[in-house]
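Let's sit down with a model and learn to read it feature by feature.

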Amino acid sequence: MLRLDLENMIREGKHVEWLMNEGVLKRDVVCDICGDNMKLHNQNSSADGKVFGCGKLRCGRARKSVREGSFFWGYKQPLEKLIRFVYEWAEETKQKKICRELGICKKTAVSLSDRLRHIVYSHVQVVNSSNFIGGEGKVVEIDETVVARRKYNVGRRVKEQWLFGGIVRGTLGGPIECFAELVNDRTAKTLEEVVKARVHPDSFICKDGWRGYVRLGDLFKVGTVNHSKNFVNPEDRNVHTQSIESMWNQLKTFLREHKAFKREKLELYINEFIFRKSCVEVFNNLIQLLK
Ligand SMILES: [Zn+2]
């Protein structure tokens with residue numbers, strides 16, 4: 001959706017109806033007293049312009065907010081501001097700018113951002129646990145990279161945090177088909193487990209010469225590039241890992257922008273990156289997650 005379309009919708013007062021159509025707001029609401037369905041009324045004095053009501057006198061003409069039980073429940077701001085916030089979050093508008101332009105305080109912005117990020121995180125976790133990437137005729141590039149180095153005071157030991165991932169070649173421009181997981185180490189056992197769980201067995205895998213991949217050839221069709229000598233396999237120019245390396249660059253830029261290299265933030269932001277890259281349109285996809 002374009003920002004202009006969103007603004008038109010809000011100006012025409014159609015945003016509540018739209019959120020109901022999308023399933024973000026409930027359409028069927030029952031009266032707590034009599035249990036009958038409540039009717040949607042226009043009520044200009046209410047924050048959202050519409051309110052659910054029970055017409056019965058014995059229910060005291062009970063009223064319910066249209067946002068009860070929804071993502072927007074509990075916020076004081078008008079619904080149109082909250083929708084605009086979700087839109088700008090999807091567009092990666094800087095938080096400071098959103099607060100200034102929408103007149104939302106930092107505390108509310110942080111609360112909304114955090115909740116959106118956690119919703120996205122859980123969604124990506126579910127996709128991760130149920131979907132393979134790749135398949136027959138598809139090339140999956142895999143690679144591991146260090147995303148953080150943690151210092152330990154004891155003996156000044158430095159522990160590297162490895163990230164392991166794969167991407168279906170040709171999808172980097174979006175919607176991306178990829179996975180990225182934090183792993184404790186990059187031993188053959190660890191990496192094989194992840195590849196088996198995440199990459200469709202009929203895929204063709206491109207990888208570098210890291211010894212952690214030594215047994216993958218038994219399970220997959222595999223091509224190898226030797227990074228110490230060249231970035232493209234001289235015998236087969238299709239064997240390279242340029243897509244996954246570009247993805248790592250983009251992901252690391254994203255993590256830097258969000259200062260997200262701390263372990264507790266890493267997974268959250270890695271999933272956010274994957275979600276954003278896997279969407280055709282982030283706002284529309286995000287709205288689907290708010291149901
Ligand atoms: Zn009632």
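**Reading the sheet and the helix pair**

Q: How do I read the open sheet, and what is its strand order?
A: Strands of a sheet pair through backbone hydrogen bonds, either parallel or antiparallel. Here, an open sheet of three strands runs in the order 1-2-3, with antiparallel pairing. Strands are DSSP E runs of at least two residues, helices H or I runs of at least four, numbered from the N terminus; two strands pair if DSSP finds at least two bridges between them. Strand 1 (39-42) and strand 3 (63-65) are at the edges with a single partner strand each, so one side of each has no neighbour in the sheet. Do keep in mind that this is a predicted model: local features need pLDDT of at least 70, side-chain atom pairs count only at pLDDT 80 or more, and totals for chains, interfaces and linings use all residues. Residues are numbered from 1 along each chain as its sequence is written.

Q: How many bridges join strand 2 to strand 3?
A: Three, with strand 2 (residues 50-53) antiparallel to strand 3. Val 51, for one, has Ser 65 in strand 3 as its bridge partner.

Q: At what angle do the axes of helix 7 and helix 8 cross?
A: Roughly 125°, and they come within 10 Å (axes are lines fitted to C-alpha atoms, for helices over the stretch in contact, with angles from 0 to 180 degrees between N-to-C directions). That makes helix 7 oblique to helix 8, a label for whatever is not under 35 degrees (roughly parallel), over 145 (roughly antiparallel) or 65 to 115 (roughly perpendicular).

Q: Which residues meet there?
A: Leu 251, Phe 254 and Leu 255 in helix 7 meet Tyr 269, Ile 270 and Phe 273 in helix 8; contact is C-beta atoms, placed from the backbone, within 7 Å.

Technical notes: Contact = placed C-beta atoms within 7 Å.
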